[in-house]
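Student: Please take a close look at the aromatic pairs here. I would like one connected account, cut-offs included.

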Amino acid sequence: SFSQNARGEKFLGLILSGTRGWVFNLEECHLVDPWFATTVKEVFAWWEKLSITAYFHGADRGALRTLTLRHGITSGDRMVILTVSGNPEFAIKKQELDSFVSLIQKVVTPELPAHLSIVLRVQQIAKGQPTQFYEMILSGPDYIRETVSVGCEQHEFRISPKAFFQPNTRTANNLYAKAIELANITAQSVVYDLYAGIGVFGMSLAHRAKEVVAIELAPDSAYDAKTNSQRLNLTNFTIYEGDVGKVLQEKKDELAKPDIVIVDPPRPGLDAKALLQIIALSPQTIVYVSCNPKTQVENIKVLLEAGYSLKAVQPVDQFPHTPHVENIAICVRK
């Protein structure tokens, strides 16, 4: 985050926990590739020379909001996203933007065949209206690449700037493989991949199943799922964009009934409507992947009351040196 205090001092880094948005200048981070910290320091030095101000949400003034860095661990691809205010009064000038692009190209460009993408994101707010985002590709492709390996299968995925992807690709391979193994999928299985993101679970198991139906709310992720499945020539994979509970309700008479349902929801867990619809579908197996075991437990209690039993639990350490863990739970119908 870009930030300034009342004295005009500039800060670029992470927000301090327990504060009202106080940002400290990031010098080093051991959780990510070194180019992240190098980029943050170089962008801060670029900003120090300019009169551009940090964005202040309370008054909708200022220009610079956030700097987002994405890294393709298996491809080496790098993506730099500069998010600015949509208030035209504080629009960043072309000369300033050109100098930003030149800086990033100079200090961030990786060795071939990896590529660098630079993206400008404009975040526009208006009272009583939903926040709107506009993206412009300033340099390079509009995606980074990651290769997922499950058993003998390898799939390369293209990931848009806003689309979600597991942050630790190497251990994500273990996560996908273990979840698919525990699901016990056969050539006759109809599988639902819910909260699908860009559809990695569904596409990784599509060759093992009869049919895969994926549902994802975020438009960017749903778009990536569609384009990746087409690029991979997966004819038995279908993606629906929308709220999981709503889509399941609307499509209940159109879609084949699932034998296996895989869910990978965000930290709040399954919402009540989605959980109700999944129970109504009555799949034989539910594979529940969670980054928040606390909400996972609450959801599983409901499944147990609905006639399921907990067959297996397998944590995967996706986030070394942190207290967080990804957890797989297998629930089967009694």
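**Aromatic pairs**

Tutor: Ring pairs link Phe2, Phe44 and Trp47 into a cluster. A pair means that ring centres of Phe, Tyr or Trp (its six-membered ring) lie within 6.5 Å; planes under 30 degrees apart are stacked, over 60 edge-to-face, and the rest tilted. The model is predicted: local features need pLDDT of at least 70, side-chain atom pairs count only at pLDDT 80 or more, and totals for chains, interfaces and linings use all residues. Residues are numbered from 1 along each chain as its sequence is written, and side-chain values use heavy atoms, with hydrogens and water left out.

The structure holds five aromatic pairs. One of them joins Phe2 and Trp47, edge-to-face, at 5.2 Å centre to centre and 90° between the planes. Phe2 sits in strand β1 (residues 2–4) and Trp47 in helix α1 (residues 34–48), so this pair ties together parts 45 residues apart in sequence. Helices (H or I, at least four residues) and strands (E, at least two) are DSSP runs, numbered from the N terminus. Phe2 is buried at 4% relative accessibility. Trp47 is buried at 0%. Buried means under 20% relative accessible area, exposed over 50%, partly exposed in between (1.4 Å probe, protein chains only).

Now Tyr176 and Phe201. Their ring centres are 4.9 Å apart and their planes at 90°, so this pair is edge-to-face. Tyr176 lies in helix α3 (residues 169–183) and Phe201 in helix α4 (residues 200–205), so the pair ties together parts 25 residues apart in sequence. Both Tyr176 and Phe201 are buried.
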